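Hi everyone, thanks for coming. Let's take a few minutes to get to know a structure that may be new to you.

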Amino acid sequence: MSVELDKKVPDFTAEATSGTSVSLSELAGRKVVIYFYPKDNTPGCTTQGQDFRDMHDQFLAADTVVFGVSKDSLRVHEGFRAKQNFPFELISDNQEALCQLFDVIKMKQMYGKQYEGIERSTFLIDREGVLRREWRKVKVPGHVAEVLQAAQALE
């Protein structure tokens, strides 16, 4: 079962940085951006996180919380988050529960080898927990500004 546009996202709880646990049900009343990325400390993922960091105050002004998700461990996430000064939490999904829910595990290819990995994707959930926008196969340049615009436009 995976998420669908204009349908309620099933509740989930996941472990995140700063010793926190993130539950969708506890975020009711706020808009939520969840962005999935392949790996901490890689160029595209770092740039994407920096873009969310640099626009974080604008997301907060739009009453929107941001979470980054990859399969990296919490320990690796903590280092990445501290190094980049990310003001938002990173979720460790090493069991791929969220990846399956949001259907972001895809066959990828690098150096002629095929492997399964996270396809860069972003999801915008409204105050009632309904998925309102999704971006798949994300290209980093300009993406976060587009997500911010969508969050600002969503009541």
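A word on terms before we look around: a pocket here is an open set of grid points with protein on both sides within 12 Å along at least five of seven lines, and a lining residue has an atom within 4 Å of a point. Please keep in mind that this is a predicted model.

So, what lines the largest pocket? Among the lining residues are Phe 12, Thr 13, Leu 74, Asp 93 and Leu 101. Strand 1 (13-15) and helix 4 (97-101) are the elements that give two or more residues to this lining. By type, the lining residues divide into six nonpolar, four polar and two charged. The volume of the pocket comes to about 170 Å³.

Next, please find helix 1, residues 43-54. Which of its residues are buried? They are Cys 45, Thr 46, Gln 48, Gly 49 and Phe 52. These cover an arc of only 165° around the axis, so they sit on the same side of helix 1. Over on the other side, Pro 43 and Asp 54 are exposed. The buried residues pack against several elements, including strand 3 (31-36), strand 4 (64-70) and helix 5 (143-153).

Strand 4 brings us to our last stop, Gly 68. Is Gly 68 buried or exposed? Its relative accessibility is 0%, so Gly 68 counts as buried. Leaving out residues up to four places away in sequence, Gly 68 touches Tyr 35, Tyr 37, Phe 88, Glu 89, Leu 90 and Ile 91.

Note on methods: Residues are numbered from 1 along each chain as its sequence is written. This is a predicted model: local features need pLDDT of at least 70, side-chain atom pairs count only at pLDDT 80 or more; totals for chains, interfaces and linings use all residues. Side-chain values use heavy atoms; hydrogens and water are left out. On a 1 Å grid over the protein atoms alone, a cavity is a set of points where a 1.4 Å probe fits but cannot get out, and a pocket is an open set with protein on both sides within 12 Å along at least five of seven lines; lining residues have an atom within 4 Å of a point. Grid points are joined across faces, edges and corners, and a volume is the space filled by probe spheres set on the points. Helices (H or I, at least four residues) and strands (E, at least two) are DSSP runs, numbered from the N terminus. Ala, Val, Leu, Ile, Met, Phe, Trp, Tyr, Cys and Pro count as nonpolar, Asp, Glu, Lys and Arg as charged, and the others, Gly among them, as polar. The expected span of a helix is 1.5 Å times one less than its number of residues. Buried means under 20% relative accessible area, exposed over 50%, partly exposed in between (1.4 Å probe, protein chains only). The arc is that of the directions from the helix axis to the C-beta atoms. Contact means heavy atoms within 4.5 Å.
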